[in-house]
Amino acid sequence: CQIGMHTYSHANLTKLSKSEILDEINRTQELIVKYTGEESHLVRPPYGSVNSTVKETIDLPLINWSIDTRDWESRDADSVYNEIMNNVSDGDILLMHDLYASTAEAVQRVVPELVKQGYQLCTIDELFELKGIKLHSGTVFRSAKQSSDS
């Protein structure tokens with residue numbers, strides 16, 4: 001497992017000032033250190049929302065996703081399972097939320113099937129290291145296949 005930041009209050013960072021963005025990150029980092037003894041060096045911006053202010057302000061890699069299971073919308077294990085299995089490819093980052101029983105049910109089905117197909121499940125750091133891609137601060141990564149400025 002790897003712990004990344006998702007902000008303190010789940011605010012849309014693109015609607016905040018630089019000082020408000022830093023407050024979100026710093027408050028989150030303090031709690032992560034308090035409870036784990038280690039700092040996080042990754043940020044997943046809420047809603048995947050990033051703009052130039054966010055990229056310039058956060059001195060960490062920004063991790064988004066290449067497959068949005070939309071589990072928060074469907075709350076249906078079959079839908080989540082199908083979205084992953086019909087679209088997954090090597091290097092993808094999947095977006096799922098751990099607060100829905102339907103997502104947990106889908107994961108119980110997806111993981112064995114992906115492993116059976118030869119996929120290796122890993123942390124963000126492991127994924128990018130395996131692919132030989134260096135994570136850069138202020139860059140948005142959606143998969144271990146590409147990065148983006150948006």
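**Thr103 and its surroundings**

Trainee: Which side chain does Thr103 meet in a polar contact?

Mentor: That of Asp71: the two side chains are joined by a polar contact of 2.8 Å. Such a contact is a pair of N or O atoms within 3.5 Å, within protein one able to donate a hydrogen and the other to accept it, and residues adjacent in sequence count only if both atoms are side-chain atoms. Keep in mind that this is a predicted model, where local features need pLDDT of at least 70 and side-chain atom pairs 80 or more, while totals for chains, interfaces and linings use all residues. Numbering starts from 1 along each chain as its sequence is written, and side-chain values use heavy atoms, without hydrogens or water.

Trainee: Is Thr103 buried or exposed?

Mentor: Thr103 counts as buried because its relative accessibility is 3%; buried means under 20%, exposed over 50% and partly exposed in between, with a 1.4 Å probe and protein chains only.

Trainee: What else does Thr103 contact, leaving aside neighbours within four places in sequence?

Mentor: Besides Asp71, Thr103 is in contact with Met96 and His97; contact means heavy atoms within 4.5 Å.

Trainee: What lines the second largest pocket?

Mentor: His6, His10, Arg44, Tyr47, Trp65, Asp68, Trp72, Leu95 and His97. That pocket has a volume of about 150 Å³.

Trainee: Tell me about Leu95. Where is it found?

Mentor: In strand β3. Leu95 is buried at 6% relative accessible area. Beyond four places in sequence, Leu95 is in contact with Arg44, Trp65, Ile67, Asp68 and Thr69. Leu95 and Asn64 are 31 residues apart in sequence, with their C-alpha atoms 8.0 Å apart.

Trainee: New topic: how many residues are in the largest nonpolar core?

Mentor: Twelve, including Met5, Leu13, Val43, Leu62 and Val140. A core is a set of buried Ala, Val, Leu, Ile, Met, Phe, Trp, Tyr and Cys residues joined through side-chain atoms within 4.5 Å. Helix α1 (residues 18-36) gives the most to this core, with three residues. A second, separate core has eleven residues, Leu42, Ile63, Leu95 and Ile124 among them.

Trainee: What does Leu62 touch?

Mentor: Not counting residues up to four places away, Leu62 touches Val43, Pro45, Val50, Val54, Lys55, Gly138, Thr139, Val140 and Phe141.

Trainee: Last one: what is phi for Arg70?

Mentor: Near 55 degrees, a positive value in a residue other than glycine. Arg70 lies in the loop between β2 (67-68) and α3 (71-74) and is partly exposed at 35%. Arg75 also has a positive phi, of about 50 degrees, and belongs to the loop between α3 and α4 (77-87).

Terms used. On a 1 Å grid over the protein atoms alone, a cavity is a set of points where a 1.4 Å probe fits but cannot get out, and a pocket is an open set with protein on both sides within 12 Å along at least five of seven lines; lining residues have an atom within 4 Å of a point. Grid points are joined across faces, edges and corners, and a volume is the space filled by probe spheres set on the points. Helices (H or I, at least four residues) and strands (E, at least two) are DSSP runs, numbered from the N terminus.
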